[in-house]
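Q: I want to learn how to read a model like this one. Can we take it feature by feature?

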Amino acid sequence: MRFGTIDLNELHSFQKRLEELNNEMLDEFLIILTKRLATITLSQVIFRTPVITGDLRKGWTGGVEISPIDYVSNLNVAKNGRNYSILLANDMHYASYVEYGHRQEVGRFVPAIGKRLVNSWVKGHFMARKSVDFARNKFPYIAEKELERFLKRQLDV
């Protein structure tokens, strides 16, 4: 039984171009991937951050209203051995209390809300933790798509 002929020249050419990808290109890809994951994480954490005045949400981007893509593109990726990272932080002094929760004095009057406090513990929102978990769960899909895009750009496929 005969199915036809196969021209392997294109496959050999593709293999040769893949072999040309060196550590510098791998480093470039991992920086791109790190920034993509940081953008997704930042988008999620901003979305999950509760809003009263909006200051806490703006705190994720240094107090400025800017898109997560633009903000992350200006951040440096730290490389330590085989680890690549970007630090996303919120400068608002109360951000950790909103994230993890906090105690409060029952019966104390708070003029800002015009009420007395009823509960001794305010539950945390865990907006950062949930956002990191979200990006971690999407990692295989994101990495695959970013690798496809990267290889298409590098190899002109």
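Q: What pattern does the protein chain follow along the sequence?
A: This is a predicted model. Its chain runs α-α-α-α-β-β-α-β-β-β-β-α. That gives six helices and six strands.

Q: What share of contacts joins residues at least 24 apart?
A: Take contacts between residues at least 6 apart in sequence; 65% of these join residues at least 24 apart.

Q: How much space lies in the largest pocket, and which residues are closest to its centre?
A: Rolling a probe the size of a water molecule over the atoms shows where empty space is left. Here the largest pocket holds about 780 Å³. Closest to its centre are Ile 52, Val 98, His 102, Ile 113 and Val 122, out of 24 lining residues. The lining has twelve nonpolar, six polar and six charged residues.

Q: What is the volume of the second largest pocket, and which helix gives the most to its lining?
A: Its volume is about 510 Å³. Leu 37, Ala 38, Thr 41, Ile 86 and Val 132 are the closest to its centre among 20 lining residues. Helix 2 gives the most, with seven residues. The lining splits into 14 nonpolar, four polar and two charged.

Q: What is the phi of Phe 126, and where is this residue found?
A: Most residues other than glycine have a negative phi. Phe 126 has a positive phi of about 50 degrees. Phe 126 is in the loop between strand 6 and helix 6. Its relative accessible area is 25%, so Phe 126 is partly exposed.

Methods:
Residues numbered from 1 in each chain as written. Predicted model: local features only at pLDDT ≥ 70, side-chain atom pairs only at ≥ 80, totals over all residues. Heavy atoms only, no water. Helix = DSSP H or I, 4+ residues; strand = E, 2+ residues; numbered from the N terminus. Buried < 20%, exposed > 50% of the residue type's maximum accessible area, 1.4 Å probe, protein only. Contact = heavy atoms within 4.5 Å. 1 Å grid on protein atoms, 1.4 Å probe; cavity = no way out; pocket = protein on both sides within 12 Å on 5 of 7 lines; lining within 4 Å. Points joined across faces, edges and corners; volume = space filled by probe spheres on them. Nonpolar A, V, L, I, M, F, W, Y, C, P; charged D, E, K, R; others polar.
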